[in-house]
Structure formats: C-alpha cells, structure tokens
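Subject: Structure handover

Hello,

My notes on it follow below.

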Amino acid sequence: MTDNSLIEVLRNYGVDQPHIELLRHNEKKTYKVNDLIKRKLFLFRIHLPLTENFAGLQHTYNGLPSELQLLLEIAEHSGLIVQQPIRNCYGNFITKIDYEGKQAYCSLLTWIEGKDLQNEDLSDIRVVTLLGTKIAELHRFFQEFDENEKEYMLI
C-alpha cells in the first residue's frame with residue numbers, strides 16, 4: 001500500500017495532512033500517524049497478518065468490533081489509560097480497504113506515548129510494581145465486566 005493510499009484512508013478519519021511512520025508488521029501492520037494540522041498522534045492499524053500463522057478472528061469484520069468495544073469499556077469503566085478507537089466519516093470504527101489485492105480492515109486509535117517493555121525493565125522494582133498494579137486493575141475490571149449486558153453498535 002502506497003503512502004498516497006494510506007493518506008486517502010486516513011482522510012476518512014478526518015486526518016488530512018498526515019506524517020506516516022511504519023512501526024511494525026506482525027499480526028497487523030501498524031503505523032504512527034502525526035496529524036500535522038491538528039497536531040495529534042494516532043495509531044493506524046491494518047488488520048492483515050504478516051503470515052497466515054498469525055491469522056485469526058481478530059482480523060475479521062466480526063472479530064474486530066469486540067476488541068474495539070472492549071477498549072471503549074475499559075476506558076469508560078476503569079482507571080486504566082487505553083487507546084480509544086476513532087470513528088471514520090461514516091460513523092464506523094472499521095474501514096474496509098483493498099490491500100495488495102486482498103480485502104483488509106483498518107482502525108485508527110488514539111496514541112499513547114510510551115515504549116515497548118524490555119527485559120532490562122523487569123529488573124527495575126518501580127516498573128515491576130507499576131506493571132503489577134496495572135494488571136491488578138485490569139483483573140478487577142474483568143471481574144465486573146459482563147459483555148452480555150452490552151449493546152454493540154461499533155460497525
């Protein structure tokens with residue numbers, strides 16, 4: 001997918017002048033997007049795995065809404081800071097595209113500044129304590145979360 005194609009897709013999300021940086025391509029292709037006009041950062045994801053070994057429900061039109069709804073629920077009902085999905089100009093969180101001759105789905109999320117956890121980080125007691133605290137908060141959220149009570153209006 002060319003930068004011009006990515007720019008066209010991002011326009012559907014109201015990002016008209018993006019600076020796009022490829023982050024990685026494993027289970028999905030991810031980009032850091034800097035909206036040069038609004039001065040906001042986003043995470044843009046193309047939900048197409050690098051290899052078929054990574055493929056699963058999380059790459060399908062039926063699987064993606066669950067992930068995005070879960071992020072919204074965590075943001076609304078916990079103290080955790082999570083990326084939040086952004087709606088496109090059609091009111092949807094998911095955009096269908098043609099990617100290198102294949103049908104794929106995209107999503108745009110808010111950006112959270114940080115870094116990937118490295119092995120050496122685990123020797124810092126402050127990092128480990130904070131990580132444990134956040135995992136405990138996530139466990140508390142899931143103990144109270146009942147997905148059957150929710151109406152899913154994401155697609």
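Start with helix α2, residues 64-77. Helix α2 lies across β3 and β5 and runs at about 0° to β5. Axes here are lines fitted to C-alpha atoms, for helices over the stretch in contact, and angles run from 0 to 180 degrees between N-to-C directions. Helices (H or I, at least four residues) and strands (E, at least two) are DSSP runs, numbered from the N terminus.

Before you go further: this is a predicted model, where local features need pLDDT of at least 70, side-chain atom pairs count only at pLDDT 80 or more, and totals for chains, interfaces and linings use all residues. Residues are numbered from 1 along each chain as its sequence is written, and side-chain values use heavy atoms, with hydrogens and water left out.

The sheet

It is open and has five strands, in the order β1-β2-β3-β5-β4, with antiparallel pairing. Two strands pair if DSSP finds at least two bridges between them. β1 (18-25) and β4 (95-99) are the edge strands, each pairing on one side only. From one strand to the next, the twist averages 30°.

Helix α1, residues 3-11, also packs on the sheet. Helix α1 touches β1, β2 (29-35), β3 (40-46), β4 and β5, where contact means heavy atoms within 4.5 Å. The direction of α1 makes about 110° with that of β1.

Two strand pairings are worth a look. β1 and β2 run antiparallel and are joined by seven bridges. They form a hairpin with three residues between them. His25 stands opposite Lys29 in β2.

The aromatic rings

How many aromatic pairs does the structure hold? Four. Rings of Phe, Tyr and Trp (its six-membered ring) pair if their centres lie within 6.5 Å; planes under 30 degrees apart count as stacked, over 60 as edge-to-face and the rest as tilted.

One of the pairs is Phe141 with Phe142: edge-to-face, 5.2 Å centre to centre, 75° between the planes. Phe141 and Phe145 have ring centres 5.2 Å apart and planes at 25°, so this pair is stacked. Phe141, Phe142 and Phe145 form one aromatic cluster.

Phe141 is buried at 6% relative accessibility (buried is under 20% relative accessible area, exposed over 50%, partly exposed in between; 1.4 Å probe, protein chains only). Phe145 is buried too, at 19%. Phe142 is partly exposed, at 40%.

Best wishes
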